[in-house]
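Morning, everyone. Please put the sequence and the model up side by side.

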Amino acid sequence: MAFETVFGRVGRLDWLCLAPHPDDAEIGAGGALIRVARSGGAAGVLELTRGEGGTQGTPEVRAAECVAAAAVMGLSWRGQLGLPDGGLVDSGAGARALAEVLRALRPRVLVVPHYRDRHPDHFGAYHLAKRAVHLSGLVKAELPGETHRPARVLLYQGNADITPNVLVDVSGVQDVWERAVLAHHSQFSGLAVSETVTPEIVERRRARLMYWGTLARVRYAEAFEVEDPLLIDPVSL
């Protein structure tokens, strides 16, 4: 199974966000990705599925929305893995396909869905990513490309509460973030289908960003969790 490039070109990335469905990256980590891009870094998104099982939109419409959102955010690359919507699990074939992407793009930071989520595809993506990171770093894995392991893996918030230990100030990019989210017009117009697929998505998620921002003493912040301890230079605190 080969991955598909839908925006930009394949190259080394600073940040790569894995999205179980189109729009998940914007909702959960869009502000941080925009900040990376605006700082001169290379940010990318990989959709694991085409969202073909969603109530609203078609795979073709959603692919076009992904391209529009990528341009808004200033992404260096956006791609599609083509795994089955509603069937994201920790499989050998899926992990090998994802490991090939990691070796091709060589992200320094990998951003994946949090395992604490009501959607099976979200916690399935988390476990799939863990296996793929392991495979990508194995010398004897039967995969093309040179071995690679991201220096850091961040978990982003989906549809459930988390206890973050990393907060990113996204106060200065809220207008861009909103335009990127609303580029997914098929999902965020019309009738509300769920707490996520709703015209109220920006209002709902911005309230969450403001909550985390209050804890960090900024206006808006995105929340992430790391499972390994962070090494901090005391002089930088």
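I will go through the sheet, then one of its strands, then a pair of helices.

Some ground rules. This is a predicted model, where local features need pLDDT of at least 70, side-chain atom pairs count only at pLDDT 80 or more, and totals for chains, interfaces and linings use all residues. Residues are numbered from 1 along each chain as its sequence is written, and side-chain values use heavy atoms, with hydrogens and water left out.

Helices (H or I, at least four residues) and strands (E, at least two) are DSSP runs, numbered from the N terminus.

Start with the sheet. In general, strands of a sheet pair through backbone hydrogen bonds, either parallel or antiparallel. In this talk, two strands pair if DSSP finds at least two bridges between them.

In what order do the eight strands of the open sheet run? The order is β1-β4-β3-β2-β5-β6-β8-β7, and the pairing is mixed. At the edges sit β1 (4-8) and β7 (166-169), each pairing on one side only. On average, neighbouring strands are turned by 25° against each other, direction ignored.

Take a parallel pair. Strand β2, residues 15-19, and strand β5, residues 109-113, share three bridges in the parallel sense. Cys17 stands opposite Val111 in β5.

Now β8, residues 221-225. Buried means under 20% relative accessible area, exposed over 50%, and partly exposed in between, with a 1.4 Å probe and protein chains only. Ala221, Ala223 and Glu225 point one way from β8, while Glu222 and Phe224 point the other way.

β8 has antiparallel partners. Strand β6, residues 152-156, is joined to β8 by two bridges and runs antiparallel to it. There, Leu155 stands opposite Glu225. β7 is also antiparallel to β8, with four bridges. Val168 has Glu222 of β8 as its bridge partner.

On to the helices. α3 (residues 92-105) and α4 (residues 120-136) pack at about 60°, with axes 8 Å apart. That angle makes α3 oblique to α4. Axes are lines fitted to C-alpha atoms, for helices over the stretch in contact, and angles run from 0 to 180 degrees between N-to-C directions. Under 35 degrees is roughly parallel, over 145 roughly antiparallel, 65 to 115 roughly perpendicular, and the rest oblique.

Who makes the contact (heavy atoms within 4.5 Å)? Residues including Leu98 and Leu102 of α3, and Leu128 and Val133 of α4.

That is my tour. Over to you.

Note on methods:
Contact means heavy atoms within 4.5 Å.
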